[in-house]
Each structure stands twice: as structure tokens, then as C-alpha cells.
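Subject: The two-chain model

Hi,

Here is the structure I said I would pass on.

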Amino acid sequence: MRAAVVVFPGSNCDRDLAVAFEQAGADVTMVWHKDSTLPDGVDIVGVPGGFSYGDYLRCGAIAANSPICKSVADHAARGGYVLGVCNGFQVLTETGLLPGALLRNAGLKYICKTVGLKVETTASDFTSGYGGGDVIDIPIAHHDGNYFADPDTLATLKGEDRIAFTYTENPNGSQNDIAGILSENRRVLGMMPHPERAADAGHGGTDGTALFRALAGALTTA
Amino acid sequence: MKARVHVMLKNGVLDPQGEAVRHALGAMGFDGVQGVRQGKVIELDLADGASEADVEQMCEKLLANTVIESYTVELV
């Protein structure tokens, strides 16, 4: 598996994400937001958490219009894999690679804690390492993680089995408790919780490891 | 020419910040406020030749997220 992790000014989970990919066996290259191409042969692009461009205007809005994001969109259009975590999820909704938007948390507070996530579908190369209905513990750390989409979009996500994870106890007001969603071809995952922060015993939990291992399994044999 | 762009959350999209402001106003004794919606104003200093249509494109592509926000453009 060859992975590229995008680094924006203000990204702060880029190295964590790179380590999680590496521990799953990936060969990882960091790419800068001003780069206009991805390295050759990249299977998956990681869009990390953080505060790209200081969250100016809207979270992810300026990052979504950066040179590298055009390449990420082209990569996705070719059937490439993309994982967006936290701010990365916000970037993917702003680019239009995933539907909906992330609003300010309903309680207005920045929330940093470990939450329970229910695995809603195992039918993706991100979630195939879990059992359907499994509850896993993954940290969240966000101020704008309140997932919003219009009723038609929510019905489509549900109908097409594209809701990857839901919160067992909704922390932020997200519609339908949504914590992570898949693209139509199931190769783009955006999620607010941080699997890369639960990928090493030193983190206090390793429930995120199965996501990276499943990806490595799918993308190494591909 | 300047353009003033007003960006607001669409009706039906929860505005927790506006709600917090409404609560604060109520706590201060301003009882006459039934609702508060908070948005933003973006002023653009436009070069000669830039048109209102250009500003519309800027709104669609960057200044507003039309999934959750509406915008109006005012030339001043």
C-alpha cells in the first residue's frame, strides 16, 4: 500500500496519520498543500486533522481550494482511495467528494474525549476488519463536527449503506448520529473521530488499528 | 467598486451560536428577542472590470457553502 498524507498549514494530525499507515505496512509520502501532483502509484490519500489555514472562512473551505486538493479530487475520480479524518472530513465535504457539511457542535463547546462508535457497515475496505454492529472506542477532538445534510441526502446515505460509523451517544448534534460516511464507490471515507489516535497501545486504545490493517490488506493484494 | 457579501445559514439549519446570543440577551433582560441568526459580512474591494457575476462565482465556489449557507451580494 502506498499512502500520501496531505499537509496543510495548520494540520496537526498529519504525522499521527502517517505513523498509523506505516504501522499497517504502508509506504508513506507527505505532500505539501502547494504541490499540484501526488506521487506516482499512490493508492490512498490521507487528509489529516488539524486546523487547515486556521479554519478561516469555514473549516476546510480554503484547503478544499488548494492546489493539492485538485489532485486529490482527480485521484478519487480515478477510483483512488481517500481517508479524511476530522478536519480532513471537513475538507472532503467542502470539495464535494462527500455530501453534507459539518456545522458547529450543537453544544457550542470544543469536545475532546473518547467516544463509542458503532460500525454501521462492514462493506468497505475501511471497515471490513470490524464486525457489523461492533462498538469501538475512538477519540474525537473537534468544535465543528455536527454533521448536516438535507433529508434526501440522508435517505440516500442510509439507503446505499454509506453510513460507516455512528456515535453511540451523540456528542455534537450530528443528524442520525452520523460520525463517518462513505462515497458512492465506497473508496472515500470521511469521519470526525480519529482512528489514528487509537492505533498504538501507548494511545490507551487500539480500536483504530483494524481500519488501517483492513486498508493495507485490500490495497496490497489489489 | 466594492461588493458586500452577506452569508447566512439557511433557514432550517440549526444556528447554535445565534441561540447562545439569544439566551445571553434574555439573561440581560432583553425579553423582546424571539430568535437570533448569526452570519457574516465579507467586503470585497474589486478591481475595474470585475462584475457582479464574478462575485456570484466567488460566492458559489468559496465564500459560501451552499449546502448550509445562503448569500446575497450588494454592490456599494
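Predicted model: local features only at pLDDT ≥ 70, side-chain atom pairs only at ≥ 80, totals over all residues.

The buried set in helix 3 of chain A runs through A:Asn87, A:Gly88, A:Phe89, A:Gln90, A:Val91, A:Leu92, A:Thr93, A:Glu94 and A:Thr95. These buried residues pack against strand 3, helix 2, strand 4, strand 5 (101-103) and strand 11 of chain A.

Which residues point which way? A:Tyr81, A:Leu83 and A:Val85 point to one side of strand 4, A:Val82 and A:Gly84 point to the other, and all are buried.

Strand 4 of chain A has parallel partners that you can pick out in the viewer:

- Strand 3 (residues 44-47) of chain A pairs with strand 4 in the parallel sense, over 4 bridges. Within that pairing, A:Val45 has A:Val82 as its bridge partner.
- Strand 11 (residues 188-191) of chain A pairs with strand 4 in the parallel sense too, over 4 bridges. Here A:Val85 stands opposite A:Met191.

Strand 3, helix 2 (residues 67-77) and strand 4 of chain A together make a β-α-β unit, and that unit is right-handed.

Beyond its neighbours within four places in sequence, A:Val82 is in contact with A:Ile44, A:Val45, A:Val47, A:Val72, A:His75, A:Ala76, A:Leu92, A:Leu97 and A:Val188. A:Val82 also turns up in the largest nonpolar core, which has 77 residues: those with the most contacts inside it are A:Ala3, A:Val6, A:Phe21, A:Ile44 and A:Val82. There is a second, separate core of 6 residues, including B:Ala3, B:Cys59, B:Ala64 and B:Tyr71. As background, nonpolar side chains in soluble globular proteins tend to be buried together.

**Elsewhere in chain A**

Strand 6 (residues 111-119) and strand 7 (residues 135-142) of chain A pair in the antiparallel sense, over 8 bridges. One of the pairs is A:Lys118 with A:Val135, the latter in strand 7. Strand 7 is mostly covered, with 6 of its 8 residues buried.

Towards the end of the chain, A:Leu211 sits in helix 5 (residues 209-221). Is A:Leu211 buried or exposed? A:Leu211 has 31 C-beta neighbours inside 10 Å, so A:Leu211 counts as buried. Setting aside neighbours within four places in sequence, A:Leu211 is in contact with A:Phe126, A:Thr127, A:Gly129 and A:Pro195. The C-alpha atoms of A:Leu211 and A:Ala20 are separated by 9.7 Å, although these residues are 191 residues apart along the chain.

Chain A has 5 helices and 11 strands. Its radius of gyration is 15 Å, close to the 17 Å from the globule rule for 222 residues, so chain A is as compact as a globular protein of that length. Along the principal axes, the C-alpha atoms of chain A fill a box of roughly 40 × 40 × 35 Å. Buried residues make up 56% of its 222 residues. Of the contacts in chain A with a separation of 6 or more, 74% are between residues 24 or more positions apart.

Chain B comes to 2 helices and 3 strands, in the order β-α-β-α-β from the N terminus on. Its radius of gyration is 16 Å, well over the 11 Å that the globule rule gives for 76 residues, so chain B is more spread out than a compact globule. The C-alpha trace of chain B spans about 50 × 25 × 15 Å along its principal axes, and 13% of its 76 residues count as buried.

**Where they touch**

How many residues of each chain are in contact? There are 12 from chain A and 9 from chain B. On the chain A side, the residues divide into 6 nonpolar, 3 polar and 3 charged.

Cheers

Terms used:
Residues numbered from 1 in each chain as written. Chains lettered and ligands numbered in written order. Contact = placed C-beta atoms within 7 Å. Nonpolar A, V, L, I, M, F, W, Y, C, P; charged D, E, K, R; others polar. Core = buried A, V, L, I, M, F, W, Y, C linked by C-beta atoms within 7 Å. Buried ≥ 20, exposed ≤ 12 C-beta atoms within 10 Å, placed from the backbone. Rg over C-alpha atoms; globule rule 2.2 N^0.38 Å. Pairing = 2+ DSSP bridges. Right-handed = clockwise from strand over helix to strand, strands pointing away.
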